[in-house]
Structures are given as structure tokens and as C-alpha cells.
Amino acid sequence: MSITTEVIHTMQKAPNFELFHIQSEEKFELNKNLGQVVVLTFWTSWCPDCGTDLPKKEQLYQNIDPNKVAMITINVSGRERHDVAGIEFANKFLTQPTLVDQGVSTYQLYEAQGVPTTVIINQEGYITHQFGDQSSFYDIVRALGTLI
């Protein structure tokens, strides 16, 4: 079952995680990137909803102030059909920082129930919003606007 509406968490600390960038051995650690709003998007290459959502987020990434907002995508490698599918998709369509999950561990840590799932974390490291696969891009941007 997928989350289809916005879920708002009150005072729930975002779980820390460390993941490698999809195209390098460089690591990203959430706790080292607090102080700005963090937008996480969990995705897979085969997902039609991701194919609609990610280009919009890519456009937002190209226009948002990187000092205020860190936009990070996370390929859920454990849900991919082929080992290289996420890498090929990221190379073709994404310029924003893209991480690769360790199977589905971070996806499960954030209690995601479908792709895409978008999680907004405030400057203090608390989850303020979580959106499921049927949420509108407008609702995500509106929630983001309340924090910056």
C-alpha cells in the first residue's frame, strides 16, 4: 500500500544515514548537512511516477538557493530490476546530488512505502513533511516554502 497523501511528522528527528554518491566513492552523511532544509527523494528508474516527479525536482534544483536547500535523490537500488539501471538513469536525467541506497535500508529507515517518496527535513534535522507517490509537486513546493 502506498502513502497517497501528505504525512506531517511533529518533532520526529530524521534518522541519520551515510550513503555513497551513485557515481563516485564520495559519501554523504545527513547529520553533516543540517543547517539548511534537506529534501530527500527516494526513486527507482522503472517507476512512471518517478519519471514525472524527478524532472520537476530537477528543474527546482537548478533554480533553488543551494545555501538554503539541499536537494538529494536516493536511488532505491534494492527495488531496481538491474544493477546499473539507477546509474544509467541518473547519468541521463539528474544533475542534483544522487545517492545509492544499500538495498532498501534507508528507504525502510524513513518508512517509505512507495516511489517516489519525498521527505522534507528542517534546518534542525526534524522531518516536517513526507509525501507519497501520488502527492502533487505543488504540495511539495508549498511545504518547502514554509521552511525557507
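**Exercise 1. Determine how many aromatic pairs the structure holds, and classify the pair of Phe-17 and Tyr-110 by its geometry.**

Solution. The structure, which is a predicted model, holds six aromatic pairs. A pair of aromatic rings is described by the distance of the centres and the angle of the planes. For Phe-17 and Tyr-110 the centres are 6.0 Å apart and the planes stand at 85 degrees; planes over 60 degrees apart count as edge-to-face, and the pair is accordingly given that label. Phe-17 lies in the loop between β1 (12–13) and β2 (18–21), while Tyr-110 lies in the loop between α3 (105–109) and β7 (117–121), so the pair ties together parts that are 93 residues apart in sequence. Both Phe-17 and Tyr-110 are buried, and together with Phe-28, Phe-42 and Tyr-107 they form one aromatic cluster.

**Exercise 2. Classify the pair of Trp-43 and Phe-89, and state which elements it ties together.**

Solution. The ring centres of Trp-43 and Phe-89 are 4.9 Å apart and their planes meet at 40 degrees, so this pair is tilted. Trp-43 belongs to strand β4 (residues 37–43) and Phe-89 to helix α2 (residues 85–93), so parts that are 46 residues apart in sequence are tied together by the pair. As to accessibility, Trp-43 and Phe-89 are both buried.

**Exercise 3. Work out how the residues of β7 are oriented and with which strands β7 pairs.**

Solution. In a regular strand the side chains alternate between the two faces of the sheet. In β7, Thr-117, Val-119 and Ile-121 point one way, whereas Thr-118 and Ile-120 point the other way, and all are buried. β7 pairs with β4 in the antiparallel sense over five bridges, where Val-119 is the bridge partner of Leu-40. β7 also pairs in the antiparallel sense with strand β8 (residues 126–131), over four bridges, and here His-129 is the bridge partner of Ile-120. The hairpin of β7 and β8 has four residues between the strands, and Gly-125 in this hairpin takes a positive phi near 95 degrees.

Technical notes
Residues are numbered from 1 along each chain as its sequence is written. This is a predicted model: local features need pLDDT of at least 70, side-chain atom pairs count only at pLDDT 80 or more; totals for chains, interfaces and linings use all residues. Side-chain values use heavy atoms; hydrogens and water are left out. Rings of Phe, Tyr and Trp (its six-membered ring) pair if their centres lie within 6.5 Å; planes under 30 degrees apart count as stacked, over 60 as edge-to-face and the rest as tilted. Helices (H or I, at least four residues) and strands (E, at least two) are DSSP runs, numbered from the N terminus. Buried means under 20% relative accessible area, exposed over 50%, partly exposed in between (1.4 Å probe, protein chains only). Two strands pair if DSSP finds at least two bridges between them.
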